[in-house]
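Please read it alongside the sequence and the coordinates.

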Amino acid sequence: MRVANLQGRLVVVIGDGTAVDVEQASAGRFSADPQAVYAQWSEFREWWGAFDASAASTVTFVPTDLGSPVPAPRQLLAIGLNYREHANEVGMGIPDGLPPVFTKFVSSLTGPDVDVVLPEGDVDWEVELAVVIGQGGRNIDRADAWNHVAGLTVAQDLSERVLQMSGPSPQFSLGKSHDGFCPMGPWVVSVDEIDDPEALRLTCVADGETLQDGTTAEMIVPVPVLIERLSAVVELYPGDVILSGTPAGVGFGRSPRRYLHAGTELVSAIEGIGEIRQRFVTA
Ligand code: ZN
């Protein structure tokens with residue numbers, strides 16, 4: 001099942017550019033609010049499993065009609081240095097315990113196919129698997145962790161490196177939270193639809209040039225262990241999002257360093273999920 005945010009309303013995507021409006025199809029049992037569904041994820045899955053979509057009225061859309069499929073998570077956690085070659089390329093070494101954890105402030109969230117205004121500084125790309133929590137909790141065991149995940153989506157952890165690295169203690173959260181710096185989507189794919197979420201190819205391409213090409217199998221701390229370690233400290237709520245780190249190939253790790261400029265189109269994709277597309281513009 002693929003859920004999306006079509007102009008602020010929750011839909012289930014059933015084909016290319018075709019979807020079913022959830023509030024209408026469920027006669028109000030489930031809210032139109034795309035964020036609310038994660039708190040009722042198992043009932044929602046059950047309802048949709050029994051629903052006859054072939055007889056339902058449908059709506060059509062193009063990618064730019066979609067907003068973030070998780071528009072208002074209470075927490076948006078992000079993980080740094082979770083891929084070995086990426087940790088090496090930025091010269092920060094391999095974390096031996098929990099990799100660095102920071103937040104992207106939720107005001108940075110945006111849809112999957114958008115223009116992003118470049119702020120001053122050096123803006124870099126990081127394609128990431130975004131994990132959306134269904135049933136929340138504390139002290140979630142790694143063996144049970146996938147049962148707490150509603151689904152997966154594609155995110156860009158856009159990062160302005162000057163602010164991120166400035167000061168006596170780096171400003172990861174601020175440097176990664178400019179307006180439009182967390183595009184996500186195009187939809188959340190439920191975990192049951194993904195063969196092996198711990199071995200998904202992820203790529204990031206700028207104007208046809210492949211910049212990142214990795215697999216989630218390279219994660220130093222895999223998703224179930226991230227959930228175990230994070231939930232040992234922080235209660236995870238339904239609809240929270242964890243950005244699970246980026247593979248090698250970011251601009252900051254290159255010699256010479258490279259950053260995004262106006263006119264570039266960035267396409268970030270994950271096997272079995274889909275792709276998001278950002279065009280960079282000046283203010
Ligand atoms: Zn990142």
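## Charges over rings

A charge is taken to sit over a ring if NZ of Lys or CZ of Arg is within 6 Å of the ring centre and within 35 degrees of the ring normal. Arg 74 meets this description, lying over the face of Tyr 237 at 4.0 Å from the ring centre, and the charged end of Arg 257 sits over the ring of Phe 252, 4.2 Å from its centre.

## Basis of the description

This is a predicted model, in which local features need pLDDT of at least 70 and side-chain atom pairs count only at pLDDT 80 or more, while totals for chains, interfaces and linings use all residues. Residues are numbered from 1 along each chain as its sequence is written, and side-chain values use heavy atoms, with hydrogens and water left out.

## Two domains and their contact

The domain assignment, whose bounds come from an automatic or database source, gives domain 1 (2–61) and domain 2 (70–281). The centres of domain 1 and domain 2, taken over C-alpha atoms, are separated by 26 Å. Twelve residues from domain 1 and 19 residues from domain 2 take part in the contact, where contact means heavy atoms within 4.5 Å.

About 1200 Å² is buried between domain 1 and domain 2, and carbon and sulfur atoms give 58% of this area; buried area here is the accessible area (1.4 Å probe) that two parts lose on being put together, summed over both. On the side of domain 1, Arg 2, Gln 35 and Tyr 38 lose the most area to domain 2, together 58% of what that side buries.

Two salt bridges are counted between domain 1 and domain 2, a salt bridge being a side-chain nitrogen of Lys or Arg within 4 Å of a carboxyl oxygen of Asp or Glu. Arg 2 forms a salt bridge with Glu 193, with the closest N and O atoms 3.8 Å apart. Arg 45 and Asp 192 also meet through their side chains in a salt bridge, at 3.7 Å from N to O. This pair links distant parts of the chain, with Arg 45 in helix 2 and Asp 192 in the loop between strand 14 (182–190) and strand 15 (201–206), 147 residues apart; helices (H or I, at least four residues) and strands (E, at least two) are DSSP runs, numbered from the N terminus.

## Aromatic pairs

The structure holds nine aromatic pairs. Rings of Phe, Tyr and Trp (its six-membered ring) pair if their centres lie within 6.5 Å, and planes under 30 degrees apart count as stacked, over 60 as edge-to-face and the rest as tilted. The pair of Tyr 38 and Trp 41 is stacked because the ring centres are 5.4 Å apart and the planes stand at 20°.

Both partners are buried, Tyr 38 with a relative accessible area of 1% and Trp 41 at 8% relative accessibility; buried means under 20% relative accessible area, exposed over 50%, and partly exposed in between (1.4 Å probe, protein chains only). Trp 48 and Phe 51 form another stacked pair, 5.3 Å centre to centre with 25° between the planes. Here Trp 48 is buried, with a relative accessible area of 15%, whereas Phe 51 counts as partly exposed at 22%.

In total, the structure holds 18 salt bridges. One of them joins Arg 9 and Glu 23, whose closest N and O atoms are 2.8 Å apart. Arg 9 lies in strand 2 (residues 9–15) and Glu 23 in helix 1 (residues 22–25), so this pair ties together parts that are 14 residues apart in sequence. Arg 9 is partly exposed at 28% relative accessibility, and Glu 23 is likewise partly exposed, at 31%.

Glu 126 and Lys 176 form a salt bridge in which the closest N and O atoms are 3.3 Å apart. Because Glu 126 lies in the loop between strand 10 (123–124) and strand 11 (127–133), and Lys 176 in the loop between helix 5 (172–175) and strand 14, the pair ties together parts that are 50 residues apart in sequence. Glu 126 is buried, with a relative accessible area of 5%, and Lys 176 is buried as well, with a value of 1%. Salt bridges that share partners join Glu 126 and Lys 176 with Lys 104, Asp 124, Asp 157 and Arg 161 into one network.
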